[in-house]
Amino acid sequence: MATWNQIVTEAPQFAHRVRDVFDVRKHKTMATLRADGSPRISGIEIEFGPDEVRFGSMPDARKAHDLRRDPRVAVHSPTVDPPADDPTAWAGEAKIAGRAIAEGARSDPPPGDQFRVDISEVALTYVDADGKHLVIESWHPGRGWERRSRE
């Protein structure tokens, strides 16, 4: 697992583009696992600190119960459609996966629980400059940054 700071340090341009895609809108989508193993999708706001990705949860929220039982989590950036006339102008979409670590009650309002994400994967997907290939950039602990493309 890694911190956001590790990604920023090892792949700063990639980290900057990922954050820009996440920051395009306030609300993101989070996936957690229910007690029966089925997925739960929830709206979420996240915060990129200098060292870590953090988020809060309202008191007694189902996603917080999910994460205390099974900390695996994935967060998806806001979805923005590619421009129809120029898909190469699309900034893309980003994902962060890992484990949510409960850190207790939030210190600022609103009340609730505070979590940080121990990161196992970050991915950024977009269309390349020629408009013919989907590009997938990713970062994993121990492997670092990688770039692949496909038609």
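**Salt bridges and the exposure of their partners**

Arg 19 counts as partly exposed, with a relative accessibility of 33%, where partly exposed lies between buried (under 20% relative accessible area) and exposed (over 50%), as calculated with a 1.4 Å probe on protein chains only. The structure is a predicted model, in which local features need pLDDT of at least 70 and side-chain atom pairs count only at pLDDT 80 or more, whereas totals for chains, interfaces and linings use all residues. Residues are numbered from 1 along each chain as its sequence is written, and side-chain values use heavy atoms, with hydrogens and water left out.

Side chains of opposite charge can pair when their charged atoms come close. A salt bridge is taken here as a side-chain nitrogen of Lys or Arg within 4 Å of a carboxyl oxygen of Asp or Glu, and 14 salt bridges are found in a search of the whole structure. One of these joins Arg 19 to Asp 23, with 3.3 Å between the closest N and O atoms, and Asp 23 is likewise partly exposed, at 41% relative accessibility.

A further salt bridge links Asp 66 and Arg 69, at 3.4 Å from N to O. These two residues are separated by about one helical turn, because they lie three residues apart in helix α3 (residues 62–69), a helix being a DSSP run of H or I with at least four residues, numbered from the N terminus. Asp 66 is buried, at 1% relative accessible area, while Arg 69 is partly exposed, at 41%.

Glu 93 pairs with Lys 95, with the closest N and O atoms 3.6 Å apart, and Lys 95 is partly exposed at 29%. Finally, a network of salt bridges connects Glu 52, Arg 54, Glu 103, Arg 116 and Asp 118.
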